[in-house]
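Colleague: I would like to learn how to read a model of this kind, one feature at a time. Could you give me the general idea first and then the case in hand?

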Amino acid sequence: MQATKRNMIDFNNLKFDFYETDWMFLSRYKDGKWDDGELIPFNSIELSPAACILNYGQGVFEGLKALKSKDRRISLFRPMKNAERFEKSAKRLVMPPYDKQRFLDAVKKVVIANKDFIPPYESGGSLYIRPLLIGSGPVLGIAPAKEYIFLVFCSPVGPYFPEGFNTVNLLISNKYTRASPGGTGSTKTCSNYSRTMRPALEGKKRGYDQIIYLDAVYKEYITEVGAANFCAIIDNKLVTPRFDGTILEGITVDSVLKIAERKLGITTEQRDISYKELFGDNCAELFCTGTAAVITPIGSITYEKRTKTYNNNIPGPITEKIYKILTGIQKLDLLDEFGWTMIL
Ligand code: PLP
Ligand code: COI
């Protein structure tokens with residue numbers, strides 16, 4: 001059985017799709033406390049139709065990756081940061097936080113138990129790990145559940161954008177927004193993602209790979225891309241939107257800023273970026289960045305009838321340098337002087 005699931009996967013042609021693995025971790029919260037949780041064979045879970053997650057979307061998640069190095073060591077990238085953000089997200093939806101060390105232990109257990117599903121170094125793939133916390137208890141009035149399930153499952157994945165390290169063409173939406181002040185944009189709630197499906201679909205129909213969302217108040221300032229943060233090279237500086245509470249505070253963009261400053265000597269700025277600036281001559285490169293997206297160069301942007309193409313629609317030189325350093329550290333090809341990688 002175990003060998004069958006694994007043998008059915010073509011590790012050299014993975015997409016960012018769900019492939020079932022052998023093991024998952026599950027813990028339950030009941031009567032005011034979490035049980036110890038355990039590693040169990042991957043399986044469906046049973047939920048009451050009145051479960052809070054199903055009716056009112058009380059759910060948060062994380063995303064991180066395990067990678068195999070050339071010499072077959074297994075590494076995680078800054079996993080404690082995911083544990084911290086998971087706790088912040090849970091608190092926003094009045095869910096009982098899951099202890100950070102136990103989060104990390106559960107992640108490690110799932111990776112080790114499914115280690116045969118980690119794509120080989122040469123394939124360029126990784127094992128995507130999905131910690132999930134859901135309100136499983138029944139409710140009718142709008143109120144937090146009394147019972148919860150914490151789950152960690154995983155799937156081998158290839159690049160999030162099928163283009164890999166190639167440019168994507170993005171549409172700046174003047175119609176839809178992703179998050180608003182006072183909302184849940186800076187946390188990883190499930191509902192933040194369902195609302196981006198229609199804009200993404202409409203964008204795809206028009207030939208765009210994803211949407212760049214503007215702020216919900218002025219519809220002028222860049223926030224982020226559906227599942228990744230946004231960076232621009234403007235006046236030779238690396239600029240990314242200020243975390244104003246509507247943007248997910250990405251672990252990858254934080255790493256990118258540090259790499260730019262400390263390894264490449266590039267000045268960085270976190271500030272409001274008007275979409276109009278991106279059409280100016282001093283804006284030379286754009287990319288988006290996140291766990292799934294890694295570093296994805298943006299070849300063109302369109303706003304209403306205006307399109308601008310960057311670097312003849314090929315990855316820009318600074319984007320490429322940052323990509324090489326970031327992925328080099330993640331895959332253990334380069335010395336990790338930041339102390340970001342955790343070897344299992
Ligand atoms: N923004 C959104 C909406 C995301 O879903 C993600 C992915 O997690 C990111 C940004 C990037 O965050 P990170 O680098 O921590 O993966
Ligand atoms: C990630 O990069 O982990 C994300 O959250 C993207 C995901 C929603 C596909």
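Modeller: Let us start with Val94, which is exposed, at a relative accessible area of 54%; buried means under 20% relative accessible area, exposed over 50% and partly exposed in between, with a 1.4 Å probe and protein chains only. This is a predicted model, in which local features need pLDDT of at least 70 and side-chain atom pairs count only at pLDDT 80 or more, while totals for chains, interfaces and linings use all residues. Residues are numbered from 1 along each chain as its sequence is written, chains are lettered from A and ligands numbered from 1 in the order in which they are written, and side-chain values use heavy atoms, with hydrogens and water left out.

Colleague: How does one check the span of helix 4?

Modeller: The expected span of a helix is 1.5 Å times one less than its number of residues. For the 14 residues of helix 4 (residues 100-113) this gives 20 Å, and the end C-alpha atoms are 20 Å apart, which agrees. At the start of this helix, a side-chain oxygen of Asp99 comes within 3.1 Å of the backbone nitrogen of Gln101.

Colleague: Which residues of helix 4 are buried, and why do they line one face?

Modeller: The buried residues of helix 4 are Phe103, Leu104, Ala106, Val107, Val110 and Val111. Seen down the helix axis, they fall within an arc of 160 degrees, so they line one face of the helix; the arc is that of the directions from the axis to the C-beta atoms.

Colleague: How should I read the surroundings of ligand 1?

Modeller: A residue is near a molecule if one of its heavy atoms lies within 4 Å of it. Ligand 1 is surrounded by 16 residues, and the closest are Lys188, Tyr193, Glu224, Thr252 and Thr291. A nitrogen atom of ligand 1 is 2.3 Å from an N or O atom in the side chain of Glu224, and an oxygen atom of ligand 1 is 2.8 Å from an N or O atom in the side chain of Arg85. The protein covers 97% of the 380 Å² of accessible area that ligand 1 has on its own, by the Shrake-Rupley method with a 1.4 Å probe.

Colleague: What surrounds ligand 2?

Modeller: The residues around ligand 2 include Phe16, Tyr128, Lys188 and Ala292. An oxygen atom of ligand 2 is 2.4 Å from an N or O atom in the side chain of Lys188; for ligand 1, the corresponding contact of an oxygen atom with the Lys188 side chain is 2.7 Å.

Methods: Helices (H or I, at least four residues) and strands (E, at least two) are DSSP runs, numbered from the N terminus. A polar contact is a pair of N or O atoms within 3.5 Å; within protein, one must be able to donate a hydrogen and the other to accept it, and residues adjacent in sequence count only if both atoms are side-chain atoms.
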